[in-house]
Amino acid sequence: LGSPLAARAPLPAPQSAPARDLTDQVPPGAAIGDYVGEDMMIPMRDGVKLHVQVWRPKHAKGPLPILLSRSPYGFGMPQVTRLFTASYKELADDGFIFVLQDIRGRLGSEGEFVNLRPRKASAGGVDESTDTWDTIDWLTKQLPGTNGKAGVLGVSYGGWTAAMATIDPHPALKAVSSQASPNDMFVGDDFLHNGAFRLDYAWSWVSALESDGRTMKVFDFGGEKDAYAWYLKQTDLAMLDRRHLGTTMPSWQNFVNHPSYDGYWRAQRTTNNMPKRVATPNLIVAGWYDQEDFYGPLSIYREQEKGDDRGLNYLVVGPWNHGGWRGTGSSYGPFEMGGPTGDWYRREVELPWFRYWLKGEGTLNQPEALVFQTGSNRWQRLDSWPLKRGTATRNLYLRAGGRLSFEAPGRGEAAADSFVSDPANPVPYRERALITPFLSEGSTCANWIADDQAPFAKRKDVLFWQSEPLAQDVTISGDVAAKLFASTTGSDADWVVKLVDIHPDDAGTPAELRGRQRMIANDVFRGRFRGGYDRPKAITPNAVLDYRIDLHSASHVFRKGHRIGVQVQSSWFPLIGRNPQTFVPNILRAKPGDFRAQTHRVYHAPGRASAITVSVAE
Ligand code: PG9
């Protein structure tokens, strides 16, 4: 294909991945600042005991509320120290009784771990909500020094357990904050996006959690540093666990056995389990650059909002990657955010939230949606998300000659652009993707969305459109979607769409940003699911079909002098496992011979006008 990336960028210096301390017991006499810790085992209704660390201030002036975090990853002392001295510092300084719990089947807890354990099937059953109920019940009755109130807080898996805590909540549960919680693993979170398998992440995560009983074990890639090279060598993905680990892993085999949207995925969808009428105050937190769970929090907010007649469902979206609000949050990659947004959020939003609901202190000055506008670097206090008024839906049309315009294509304009998508040479998602075992600290993988997208626009297997330099600022606020009219010579295809903000390439722009293409919205859609995620179907070769691809939402100002750009491609490796481009019933079982190069076309003619739909502030 003559890819300009064929001469691949040199590997950055190898990163050290310090081993995490996964010992989960509190050492005797452990103290962190004013906090002292101890281990306890709490009985659940089925007799299984779950391990918790309880940390309380030595010099508490009176009874304190409980803040519970529930996780499958374990709480080693270095992590706990970091919690109290950094990421939970504001809460810790104010004074709470922190309870850190290993969920069922993990580390010090008994029982069986089930990844994203669905809601109990029968009255006597257990799930994460019953385990939370039993934990809060025991703590409020047995633990001295509590004020009888509890909150649940966590990020990602921990955010999901916070969301699940709202199901049949314990009367002592007064508020939660579900942060970066996944909602639907098939549609948009960690493991698949619109049915396209997130290969690199899924393998790293499942092998870390499910290859060594209750503890974490980072997969050994045998010294390979280049993720693109390692995953390209892996054929027959259904057998990856048996081949590399000599065993099967439940989640991996579930991915293999549920190639389309069935009861397995439906039962896991968080909002299918959460109460239809919101009864527990929930501060839902999301990051615009969340590389793992961006769909989750925004879709949970939106669906819960339908049953929020009591006004208990709130949204915060900041300029952060996954969990970035637990750090300083001053920048993301080379993009400065105008101040320490993470510190500000923890001090001014999260702490008042829990003080108000759990201690009855302060006032709740929380807008319905607190949304950071990127590009202008300002927080907006909004009555709704997305906005109900003040924006107009407009199409950014993909035009002939690589032009992007708010004007629709006219008659006589060239009808389509095409490219050859070759699974033997998929488009990388980073110029040089490093192997990033799950939990390897200091990895840059968490920042990949900040990467300059300009090098990819030069590839022959990436279509690229750009606007003229903007005569004035263009502000978008709300949903972003792609409508593609497209065809393939094959019988299946992935469609990846990226919306980018292109910085001017001039002396007035800081060197690092010159000509840089900043990602504003993106996603992938697996063509076979055009008729529904539960109805995979071969694509008729050469048929022009329309695809609607959810690019989620954005709040961004494209500055005067910048250009708006769009890239379309059909692979994104190894972020997304390759589509063989020949329809096979199960892509994880595809054989090397199924992977074929195909020609893909994107149309931009009247009646077949491909476009990106945005909400432009009026
Ligand atoms: N994104 C991670 C995850 C959440 C839920 C299930 C699987 C993975 C996490 O960071 O916890």
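Trainee: In this predicted model, which residue of strand 11 is the bridge partner of isoleucine 284?

Mentor: Strand 10 covers residues 282-287 and strand 11 covers residues 313-318. The two strands pair in the parallel sense over six bridges. Within strand 11, the bridge partner of isoleucine 284 is leucine 315.

Trainee: Which strands are the edge strands of the open sheet?

Mentor: The sheet has 11 strands with mixed pairing, in the order 1-2-3-5-4-6-7-10-11-14-15. An edge strand here pairs on one side only. That description applies to strand 1 (31-32) and strand 15 (378-382).

Trainee: At about what angle to strand 10 does helix 11 run?

Mentor: Helix 11 spans residues 295-305. This helix lies across strand 7 (173-179), strand 10 and strand 11. Relative to strand 10, helix 11 runs at about 145°.

Trainee: Are helix 5 and helix 8 parallel or oblique to each other?

Mentor: Helix 5 (residues 199-210) packs with helix 8 (residues 250-257) at about 140°, and their axes are 8 Å apart. Angles over 145 degrees would count as roughly antiparallel. The two helices are therefore oblique.

Trainee: How many residues of the contact of helix 5 with helix 8 are nonpolar?

Mentor: Helix 5 contributes Ala202, Val206 and Glu210, while helix 8 contributes Pro250, Ser251, Trp252 and Phe255. One of the contact residues is charged and one is polar; the nonpolar ones number five.

Trainee: Which residues have the most contacts inside the largest nonpolar core?

Mentor: The largest nonpolar core has 152 residues. Beyond four places in sequence, tryptophan 495 is in contact with residues including Leu484, Val524, Phe525, Ile549 and Val568. Those with the most contacts inside the core are Val99, Trp495 and Val566.

Definitions and conventions. Residues numbered from 1 in each chain as written. Predicted model: local features only at pLDDT ≥ 70, side-chain atom pairs only at ≥ 80, totals over all residues. Core = buried A, V, L, I, M, F, W, Y, C linked by C-beta atoms within 7 Å. Buried ≥ 20, exposed ≤ 12 C-beta atoms within 10 Å, placed from the backbone. Contact = placed C-beta atoms within 7 Å. Axes fitted to C-alpha atoms, helices over the stretch in contact; angles between N-to-C directions. Helix = DSSP H or I, 4+ residues; strand = E, 2+ residues; numbered from the N terminus. Parallel < 35°, antiparallel > 145°, perpendicular 65-115°, else oblique. Nonpolar A, V, L, I, M, F, W, Y, C, P; charged D, E, K, R; others polar. Pairing = 2+ DSSP bridges.
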